[in-house]
Amino acid sequence: MSRTAVIAGVGPDLGASLARRFAAEGCRVALLARSTEFIEDLAADLPDPGEGLAVRTDIADPDQVAAAFETVRDEFGPVDVLVNHASAGSWKGLMDASLEEFERAWAVNGRGAFCCSREAVADMLDTDGGTVIFTGATSAVRGRGGAIGFSAAKFAARGMAEDMARELGPEGIHVAHVVVDGQILPADEGARSMDRDAETYLDPDEIAESYWHLVEQDRSAWTLELDLRPHVEEF
């Protein structure tokens, strides 16, 4: 049976890999992002047998989130899979970060994931369950220093995922948090460090494979948290 998957926050790296992987498995994939140019091209070029739908959405705006999920339901039906992948950073320390920068990071990573989850889970409770995956980061398990907004928001999202996993598991909804502990290989070669070996990056296609395993996991083996990192000493 074809699933409807929503990826909330899609860019050219891991978000695109997730969309392609889910589509290759036959999912109808809704791509949410603030900018439409990239997601429209990606939606039109997803592998068979999947389908793509680009929905311009600012995840920080609850009204836009609600409207986006209505669009998805109208086109594809109820949501079976949600990936909370949107991220915003406040790359400053306590004394340099403004309240607006701090709150923007929370609005996307925390409140935005909350709003997306409520929309998706409402569908899952009315059907046969589903899967919600949170994309975490190193900063979700240890503060990095000098990025207080990002660290606070990612810690909050991790706690939300753990709470939801315990609340919703009995309802047949698998909630997992993925710690992406390392730098993902950029799709743009110009963004890669010239003096760094490619194997020290995380491969977004391999991460997408791990996400798909979370979707397909039998209930008896559900994962609460998955830690992904390169197998090299520097990490």
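1. A residue is called buried when its relative accessible area is under 20% and exposed when this is over 50%, with partly exposed in between (1.4 Å probe, protein chains only). The model is predicted, so local features need pLDDT of at least 70 and side-chain atom pairs count only at pLDDT 80 or more, while totals for chains, interfaces and linings use all residues. Residues are numbered from 1 along each chain as its sequence is written, and side-chain values use heavy atoms, leaving out hydrogens and water.

2. Helix α2 spans residues 36-44, and its buried residues are Ile 39, Leu 42 and Ala 43. These residues lie on the same side of α2 because they cover an arc of only 100° around the axis; the arc is that of the directions from the helix axis to the C-beta atoms. On the other side of α2, Glu 37, Asp 41 and Ala 44 are exposed. Helices (H or I, at least four residues) and strands (E, at least two) are DSSP runs, numbered from the N terminus.

3. Asn 109 belongs to helix α4, residues 99-126. Asn 109 is buried, having a relative accessible area of 3%. The side chain of Asn 109 reaches the backbone oxygen of Ala 88 at 2.7 Å. A polar atom of this side chain also lies 2.8 Å from the backbone oxygen of Ala 105.

4. Residues up to four places away in sequence aside, Asn 109 touches Ala 86, Ser 87, Ala 88, Phe 150, Ala 153, Lys 154 and Ala 157. Contact here means heavy atoms within 4.5 Å.

Technical notes
A polar contact is a pair of N or O atoms within 3.5 Å; within protein, one must be able to donate a hydrogen and the other to accept it, and residues adjacent in sequence count only if both atoms are side-chain atoms.
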